[in-house]
Amino acid sequence: MMRFVDEFRDPEIVTRTAEEIRRLADPDRHYRLMEVCGGHTHAIYRFGLKDILPDNIELIHGPGCPVCVLPMGRIDDGLALGKRPEVIFAAFGDMMRVPGAHGSPLEHKAVGMDVRIVYSPSDALKLARMNPDRHVMFFAIGFETTAPSTALTLMRAKAEGIQNFSVFCNHVTIIPAIRAILDSPDMRIDAFIGPGHVSTVIGCRPYEWIARDERRPIVVSGFEPLDMLQSIVMLLHQLRQGTAIVENQYKRVVPWEGNPAALRAMAEVFELRPFFEWRGLGFISQSALRIKESYGAWDAERVFEVPGVRVTDPKAAQCGEVLKGVLKPVQCKLFGRECTPERPVGALMVSSEGSCAAYYNYEHRKSASARPPATAGV
Amino acid sequence: MCLAIPGQIVEVLREQRDIAVVEVTGVRRRVDLGLLEDDLPKPGDWVLIHVGFAMSKISEQDAAEQMRMLAILGEADAAMEEVRGYGLEA
């Protein structure tokens with residue numbers, strides 16, 4: 001029944017928790033639970049959690065994969081700046097294969113652009129110190145997990161007076177995306193599995209409106225199978241009792257108030273953009289961060305002229321519908337044919353946290369050898 | 001992208017108190033402690049590291065579980081590649 005039960009910590013408790021879920025789930029009801037975080041999505045597929053959940057509990061994959069929600073135009077904007085002869089384009093490895101309209105950063109590197117992989121924003125700053133005659137532009141992505149590190153790096157750049165460094169900021173915030181999902185007429189979500197590592201920074205309070213105003217339970221969850229199953233138990237208890245509160249299953253890592261030092265760094269450097277485009281969700285107001293004027297000398301969007309490219313996704317690709325959970329990955333016309341992890345068309349196929357890549361790696365490869373992929377109902 | 005890598009603090013630099021040497025399964029690299037400045041970890045403490053910054057303190061047991069979790073998810077190699085890459089020394 002469960003593929004990886006032997007690898008679990010406390011397999012007996014896992015089995016007992018799975019039984020409890022079966023007991024708590026009302027057989028006459030269909031549950032749609034959204035895991036907001038891409039890390040959860042990856043773990044759900046890897047552990048085959050769907051195999052142990054009753055059929056009437058459906059897990060909807062949320063927007064919490066930073067690479068996946070970045071609109072293609074931002075990649076093209078960043079690459080346009082990277083083409084300037086003085087610029088070194090620095091980004092995390094995850095960005096390297098993400099396709100822009102005219103190729104990925106890696107493909108641009110192959111034709112001579114100076115593209116460097118860094119593992120930390122502070123290493124992009126170090127690159128600037130090492131190359132005083134060049135300008136290092138760090139292509140920043142990520143939710144609140146990553147944004148504080150960029151903020152602190154900018155604070156260090158300012159304190160040191162480093163002139164040849166800037167950040168092309170694509171940091172996004174998770175709360176407005178959840179609001180957009182709840183406001184979307186084709187989304188019907190009963191409850192949320194809240195993100196783990198984002199919450200180490202923002203804490204649990206920012207989710208309170210989801211429970212209070214939208215009457216949806218939300219449980220901040222860890223990433224182990226037992227964590228996620230326990231979070232589902234907590235959600236089912238709430239749904240059964242008709243309550244809606246914020247609960248924290250991941251207390252061993254997530255403080256209720258978050259990380260004040262990280263929040264201070266973000267407040268020092270960033271402010272909210274009036275609106276920002278999300279792939280699949282469209283423009284969402286106050287959903288992304290930009291660099292404050294006081295750090296303008298390190299803001300690539302002020303230092304350089306940004307083309308402001310807007311690109312519509314390839315027509316046949318249905319990334320948006322998949323991202324919103326309206327379609328399953330296999331229901332996209334390109335899935336597993338034109339679009340594979342080896343040759344991704346859409347971003348959901350690039351990152352291991354993207355639902356298409358996760359589905360492809362754990363479901364499609366398995367079923368491709370045994371039987372044709374089943375078309376799941378929505 | 002959102003890898004959280006467990007590491008043990010080996011040494012907090014004397015001249016730069018917001019930088020520490022951490023060890024992740026035998027590999028030692030410098031990480032930034034600036035995001036934990038309210039409650040700086042000490043040598044021997046375990047932390048979760050994300051993009052070169054210590055994000056939160058965790059217990060030794062949770063560190064071991066997190067490492068095992070990364071291995072099961074097939075992300076242990078990526079995590080070690082990330083750690084080795086810190087400081088542009090790889």
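Reader: Which residue classes make up the lining of the second largest pocket, and how many residues are charged?

Author: This is a predicted model. The lining of the second largest pocket has six nonpolar and six polar residues. Its charged residues number 11.

Reader: Which residues lie nearest the centre of the second largest pocket?

Author: The lining counts 23 residues. In chain A, α7 (121–130) and α8 (147–160) each give two or more of them, as does β3 (27–32) of chain B. Nearest the centre are S122(A), D123(A), K126(A), I19(B) and R30(B).

Reader: How much space lies in the second largest pocket?

Author: Rolling a probe the size of a water molecule over the atoms shows where empty space is left. For the second largest pocket, that space is about 490 Å³.

Reader: Which strands stand at the edges of the open sheet in chain A?

Author: Five strands pair in parallel, in the order β2-β1-β7-β8-β9 of chain A. An edge strand has a single partner, so one of its sides is left without a neighbour in the sheet. The edge strands of chain A are β2 (57–64) and β9 (246–248).

Reader: What is the bridge partner of E35(A) in β7(A)?

Author: Strands β1 (residues 31–37) and β7 (residues 191–194) of chain A pair in the parallel sense over three bridges. In β7(A), E35(A) has as its bridge partner I193(A).

Reader: Which helix packs on this sheet, and what angle does its direction make with that of β8(A)?

Author: The helix is α12 (residues 225–241) of chain A. It touches β1, β2, β7, β8 (218–220) and β9 of chain A. Its direction and that of β8(A) make an angle of about 160°.

Conventions: Residues numbered from 1 in each chain as written. Chains lettered and ligands numbered in written order. Predicted model: local features only at pLDDT ≥ 70, side-chain atom pairs only at ≥ 80, totals over all residues. Heavy atoms only, no water. 1 Å grid on protein atoms, 1.4 Å probe; cavity = no way out; pocket = protein on both sides within 12 Å on 5 of 7 lines; lining within 4 Å. Points joined across faces, edges and corners; volume = space filled by probe spheres on them. Helix = DSSP H or I, 4+ residues; strand = E, 2+ residues; numbered from the N terminus. Nonpolar A, V, L, I, M, F, W, Y, C, P; charged D, E, K, R; others polar. Pairing = 2+ DSSP bridges. Contact = heavy atoms within 4.5 Å. Axes fitted to C-alpha atoms, helices over the stretch in contact; angles between N-to-C directions.
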